[in-house]
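Visitor: I am new to this structure. Please take one part of it and go through that part closely.

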Amino acid sequence: SSIIEMTNGKESLTLSKRQLKKLAKKEKWLATKEERKQREKEKLKQKRIAKREAGEDLGPSRKFLKLSTMATSLCTQRIALDMDFEEFMNERDQCKAVKQLHRCYSCNRRASNPVQLYVMSLKGSCLKIMEKNNGYQKWDVHFCSDSYLDIFSKNDIVYLSSESENVVKELDESKVYIIGGLVDHNNHKGLCHRLAVEKGVAHARLPIDEFMQMKTRKVLTIDHVFQILLAVTEGKTWKEAFLTIIPARKGA
């Protein structure tokens with residue numbers, strides 16, 4: 001622990017060896033941040049060159065990405081990430097939740113017909129973490145600090161929860177599917193379901209049991225749930241989407 005000493009009548013903080021070591025590690029990480037960024041950029045460039053030479057698909061071009069927006073998309077399906085869970089997560093898990101939000105955006109941006117993606121209740125700690133990403137405000141996403149209940153009609157809402165007894169058999173474009181922005185670790189089992197019931201909104205689970213035998217509890221990451229929904233809007237069957245996206249360690 002830290003030691004507070006008195007010097008000339010004033011308090012001064014003396015850090016422990018462990019705290020000094022932690023501080024030095026953080027300073028070193030910050031000092032090499034730009035260098036690591038450049039290294040990663042060069043690594044990606046070399047990967048693209050290797051793929052091009054091997055005749056592999058390089059994925060969507062910059063021109064395609066600029067043209068492929070929610071406004072021009074033929075898909076009107078709404079999917080919202082509910083980020084109102086920061087009180088249930090420590091800082092590390094909040095960072096993980098924001099990282100998973102990034103992946104959702106990245107997948108949607110690369111889709112031929114992106115879904116209408118909303119990020120609700122983005123405020124507090126999660127907003128501060130997001131603000132570390134310069135330019136996120138320009139992302140093709142509907143960001144909102146308000147609750148999903150303040151934006152969408154209650155009749156349109158379907159809150160996704162693995163504990164729900166209701167099953168999503170097919171996606172309904174008149175509905176908005178809410179994904180809880182919670183990094184769980186089994187600490188808050190049934191929380192999304194309980195909150196949906198308390199707020200009086202419809203809830204349902206993905207039809208995983210109908211197509212797969214899961215080895216572990218049926219809780220997927222935020223981005224995995226999003227990717228499954230996105231894949232289904234693109235024409236994949238539920239089974240195809242599950243087999244493509246659910247990690248092998250969780251699947252049958």
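Guide: A contact here means heavy atoms within 4.5 Å. This is a predicted model, in which local features need pLDDT of at least 70 and side-chain atom pairs count only at pLDDT 80 or more, while totals for chains, interfaces and linings use all residues. Residues are numbered from 1 along each chain as its sequence is written, and side-chain values use heavy atoms, with hydrogens and water left out.

Helices (H or I, at least four residues) and strands (E, at least two) are DSSP runs, numbered from the N terminus. With its neighbours within four places in sequence set aside, Gln77 is in contact with Val115, Gln116, Leu171, Asp172, Glu173, Lys175, Tyr177 and Thr233.

Gln77 has a relative accessible area of 1%, so Gln77 counts as buried. Buried means under 20% relative accessible area, exposed over 50% and partly exposed in between, with a 1.4 Å probe and protein chains only. In the chain, buried residues make up 38% of the 252 residues.

The side chain of Gln77 also has polar contacts, that is, pairs of N or O atoms within 3.5 Å; within protein, one must be able to donate a hydrogen and the other to accept it, and residues adjacent in sequence count only if both atoms are side-chain atoms. A polar atom of this side chain lies 3.2 Å from the backbone oxygen of Asp172. The backbone oxygen of Lys175 lies 3.0 Å from a polar atom of the Gln77 side chain.

The surroundings come next. The chain has 10 helices and 8 strands. An open sheet of 6 strands, with parallel pairing, runs in the order β5-β4-β3-β7-β6-β8. Its edge strands, β5 (142-143) and β8 (202-204), each pair on one side only. Two strands pair if DSSP finds at least two bridges between them. Strands β6 (residues 157-160) and β7 (residues 176-180) pair in the parallel sense over 3 bridges, and Tyr159 has Ile178 in β7 as its bridge partner. Helix α9 (residues 222-233) packs on the sheet and touches β3 (78-82), β4 (116-120), β6 and β7. The direction of α9 makes about 160 degrees with that of β7; axes are lines fitted to C-alpha atoms, for helices over the stretch in contact, and angles run from 0 to 180 degrees between N-to-C directions.
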